[in-house]
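Please read it with the sequence and the coordinates open beside you.

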Amino acid sequence: SPSHGCVRDEHSFELWQQYSFNISQGRSKGWGGWSGQYNRSLPDEKSAELRRFYSAAVSHTDELIGTILSALRSRGDSNNTIVVLVSDHGWHLGEQSMWAKCTLFDAALRAPLVIKLPGVTTPDAGGAVVAKDAFTEHVDIFPTLCDSAGIPVPPTCPEDSTNVTTCTEGTSLLPLATSPRAEVKRATFSQWPHPFGQQPLVMVSAMTTVDSCQD
């Protein structure tokens, strides 16, 4: 997600200028720099404006991604370069009457992950585009890149990895791209300090399981 979502590109902003955003979720509480104080409701007009800026930032990001991919094709490197698109976190746009990323709700935890593997996910190289509804974590990116590039995947980190040069706590996601029924993990784990930016600080953890999503 483009954090804060206020990167303004005129062309991208115009795409969303006439769009009417749904503000039926009610007045949303602000966060720090937008409202000045916690627990202050944002006016409907400000909520719509922030959603518009955020959408424009996403559109602008999408355009920049296309520029990078076009450059790879023009250089002849499209079929020998692995490309990963990932965000560091999600972003509340009024869901649960909240803004920003400072929660353990799905809106803040879920993030896009798109991986382009030459010959595997690219139709022009004999592969197929695959969309997966599967659990992944950011720690999986490192072993996935190793596995996809033919590099031995580092071992799983021991409980005390202080003196370990290289290890991973993730799992290669390559099976998700090559097997229609693959499942690499059945749970994901997340942490966030609460209350954010205040003391005393408590690290809050969350676990999401396949079973809980199927209920």
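1. Cys167 counts as buried at 18% relative accessibility, where buried means under 20% relative accessible area, exposed over 50% and partly exposed in between, with a 1.4 Å probe and protein chains only. Cys157 is likewise buried, with a relative accessible area of 18%, and for Cys146 the relative accessible area is 9%, which places Cys146 among the buried residues too.

2. As to provenance, this is a predicted model, in which local features need pLDDT of at least 70 and side-chain atom pairs count only at pLDDT 80 or more, while totals for chains, interfaces and linings use all residues. Residues are numbered from 1 along each chain as its sequence is written, and side-chain values use heavy atoms, with hydrogens and water left out.

3. Cys157 and Cys167 form a disulfide with their sulfur atoms 2.0 Å apart, the criterion being a pair of cysteine sulfur atoms within 2.5 Å, and by this rule the count comes to one disulfide. The pair links distant parts of the chain, ten residues apart, with both Cys157 and Cys167 in the loop between helix 4 (141-148) and helix 5 (174-178). The link is right-handed, with 95° about the S-S bond.

4. Turning to the overall fold, the protein has six helices and six strands, where helices (H or I, at least four residues) and strands (E, at least two) are DSSP runs numbered from the N terminus. Their order from the N terminus is α-α-β-β-β-α-β-α-α-β-β-α.

5. Helix 4 has Ile141, Pro143, Thr144 and Cys146 as its buried residues, and their cover includes strand 1 (83-86), strand 4 (113-116) and helix 5. Just after helix 4, Gly150 takes a positive phi of about 80°.

6. Which residues make up the largest nonpolar core? This core, defined as a set of buried Ala, Val, Leu, Ile, Met, Phe, Trp, Tyr and Cys residues joined through side-chain atoms within 4.5 Å, consists of seven residues, namely Leu42, Leu50, Tyr54, Trp91, Leu93, Trp99 and Ala100. Helix 2 (44-75) and strand 3 (99-100) each supply at least two residues of this core.

7. For the protein as a whole, 29% of the 215 residues count as buried. Among contacts (heavy atoms within 4.5 Å) between residues at least 6 apart in sequence, 61% join residues at least 24 apart. The protein exposes about 13700 Å², of which carbon and sulfur atoms supply 53%, by the Shrake-Rupley method with a 1.4 Å probe.
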